[in-house]
Amino acid sequence: MSRTNQMEQLRWTDFEDFYSSTWQEVYRTLTVVVRDADLAREATDEAMVRAYQRWSQVRRYDNPSGWVYRVALNWARSRMRKLQRVDHIVIDQSVEPETPADPSLERAIAALPLHHREVIVLHYLFDLSGPQIAARLGIREGTVRSRLNRAVAALREELSDDV
Amino acid sequence: MTFDSRIRSHLEAQLDSVPAANGDLDQVLARGHRRRISYRVTQAVAVAAAVVLAVASTALIVSLLSNGPRLVVSPITGEELPVISEDPLVLQAQPGPAPDDVPEGTEVPIRTIDSLVGAEEGDATTLRPLGSPGGPIVAIGNVQGWRIFTYQTSRRKILITDASGQFVLGNATGGENTGMTIGVAQGYFAVALVGPDVETVTLTIDGESAWQQPVEGVAVFPLNSNDTQKHLTLTASTGTLLLETGPDIAGPEDEPLAPTQPADTGNTALGQGWHAIADAPIVGRYANASAWTGEYVLLWGGIHRPSDLDPDLSDGARYDPATDEWAMLPPAPDGMSGPARSVWTGDRWIVRTDHVPDGPVQLASYDPVANEWTELDTGPLGYGDGYLMMWTGDEVIFWGGHGGDVLSSGAPAAYNPATATWRELAAAPIATRTDPVAAWNGSELLVWGGTVSCSGGDSTCVEFATDGAALNPADISWRALPVNPNVAPDTSTAGSVLIGGEFVVFLPIDCESGRCVAGIAYDPATDTWRRLPDLGNMEWSFSAGPVAAESEIYAWDRTGEGFTYSPAVDRWTDLGEYPMENRFSATVVAIGDQVLVWGGWTGAAADDPFNDGFLTVP
């Protein structure tokens, strides 16, 4: 086997392991954040293509799956913009149960801007700590705290009649 | 059920309802190998249309066609590209069928390194001959196994790969006669970018010297990891010292000097990105004064939160981008606080505050070397708001604005800090106004737009001006700028920059999503206006910028989406969203070819302004 093919084989195997362990996690998280399963699937695939193209660099990052998530989210965001959707008012029935158990909370979360919704999802749904969320999103811990505080405050205000 | 558990169980229900799906690994790999499939070319495409890319070593060259040209695998895209010349190594990466003889100036889809990643199919630019500014990438040398390529744009980039060609290790950018070190995971280099008058470049490491003849204006010296702890100099044969560093060059254990990892970005374009800067030791703010001294970014004054009992701020700090460190500024003269404007004169920072609506106006000068303030005489100035303040190289010119209920009248005033004297200049041939956009081009102060009183004498009515004028302070003369017939009356502006000799003004236009931004550019040499290419999804107005950083304009629209414009190729590039919460009235400072964005505010009364920021990576 030529050196080229050997290196390609190694690269491919390495990437395959990463893909297998990461795709579902990114897709599911992104679906809950952008509230559109089809868009999340496309965005995850696109991010994985880009990760593969840059695999020699991406594999050395501290948090390659976080990089893929951020690329996927940004791709989804750009796509939503091009389709003239506003981030925080799209509700895709493909994500929602037919009858949401908590419709007022559902409306409140849907009304959050994307960057607030994602910290809510990562904190409450995936139990990530502030540093873990910061690493996943590539932002400062202070920014995570700020976004989480603002998001929770917005939800509380929206649900003040319920709480 | 607690509030937290309510959120948690709701999101868990959402997660359970996510439709099952699987990715298609084979398709991902196929797309990764064959990205932009339409860009595969045959050798029939003209040599003049070729783009040279980073190349793999001989052992890695793969020929996939038994009867076609030799192919190499691009380390950037993974695609196979035909070799059309061995020395210098030239790879052909032009998409689609094209005539055998493609003349200069022909528009064809073309790949350059900054469009390899993130480019959309069908991107087109004007064909450029090999080696011209904005043109293709040329292999220029092989230094101890490292392959060096120069990418001749207006910013003079170089790329370095290892012998396998599979890794792009460095990406240096600089103007003529600059030196730098690049430290990345696989190696270290001292790099000099020089003009044609330089015959050799000499590197010294703790006094021991080595020299090279630059090729295509580039000299690259590989360093050992322990060299980064020594005293390095790079000197041109003309005698210019290009670089001198001490023992604290960053190595792979530390933050790289030329980061290849986009630390804080989801933007995937090669060479683009940003990294967060350290939090400032001052509270967040907007409407503050700011400047770049060549060494520090200075910030002072501004407003914290309008709902505060006393929102006006009277402190400031300076930021050193080389060390990512902040330091507080000493206290400014008594009484100075709140919204402030400023200019950098080259060795002094002149700051003005007005304490609107009651005054008084104050003026002070900060000396970063002595680290001290000096209060200045305010001469003929009355307190005001929305005035123009511009440095001409000799004087600070003040004009226009709104003092109390009366528009400041007539003539500009000019302050000379070297002589501490004032003079009044001639009245402008256009109505006085608030918040015009302006630029100094070395001989004239160009002024345009702003807000003026409506005709008819109603003092409560204002409208947007769409005229402008140019002031020559040397002979105290004004001339009116030509009217732009494509600009509707009562059109506002969102800022301006001076770039490439043109005065670029940004205006709102109608677009599919509502209101977008367009640019018009005035060329004093021809006394004409032109319209920049539209970018349909740049939404009105700006959250940060516009600012000119060397040869590109940077701006972030109201959604936080970033854009750069290069006059050299007359094209906009989408940077993606900046990695912070969206904001308005952020401080934006050009630092060479980088841009610092800091602070700003959401506009909501209950929100604190921000004190975080980021620096773009060129």
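**Notes on the aromatic pairs and strands**

1. B:Trp399 is buried, with a relative accessible area of 3%, where buried stands for under 20% relative accessible area, exposed for over 50% and partly exposed for what lies in between (1.4 Å probe, protein chains only). The model is a predicted one, in which local features need pLDDT of at least 70, side-chain atom pairs count only at pLDDT 80 or more, and totals for chains, interfaces and linings use all residues. Residues are numbered from 1 along each chain as its sequence is written, chains are lettered from A and ligands numbered from 1 in the order in which they are written, and side-chain values use heavy atoms, with hydrogens and water left out.

2. Rings of Phe, Tyr and Trp (its six-membered ring) are taken as a pair if their centres lie within 6.5 Å, and are called stacked with planes under 30 degrees apart, edge-to-face over 60 and tilted for the rest; the count over all chains is 22 aromatic pairs. One of them joins B:Trp399 and B:Trp478 in a tilted arrangement, at 5.8 Å centre to centre and with 50° between the planes. B:Trp399 belongs to strand β27 (residues 396-399) of chain B and B:Trp478 to strand β37 (residues 477-480) of chain B, so the pair ties together parts that are 79 residues apart in sequence. Strands (E, at least two residues) and helices (H or I, at least four) are DSSP runs numbered from the N terminus. B:Trp478 is likewise buried, at a relative accessible area of 16%.

3. In chain A, an aromatic cluster is formed by A:Phe15, A:Phe18, A:Tyr19 and A:Tyr52.

4. Strand β23 (residues 349-353) of chain B is mostly covered, with 5 of its 5 residues buried. Both of its faces are covered, with B:Trp349, B:Val351 and B:Thr353 on one side and B:Ile350 and B:Arg352 on the other. Strand β22 (residues 340-344) of chain B runs antiparallel to β23(B) and is joined to it by 5 bridges, pairing being called when DSSP finds at least two bridges between two strands. A further 5 bridges join β23(B) to strand β24 (residues 362-367) of chain B, again antiparallel, and B:Thr353 stands opposite B:Gln362 in β24(B).

5. B:Arg341 stands opposite B:Arg352 in β23(B), and B:Arg341 also lies over the face of B:Tyr387, at 5.0 Å from the ring centre (a charge sits over a ring if NZ of Lys or CZ of Arg is within 6 Å of the ring centre and within 35 degrees of the ring normal).
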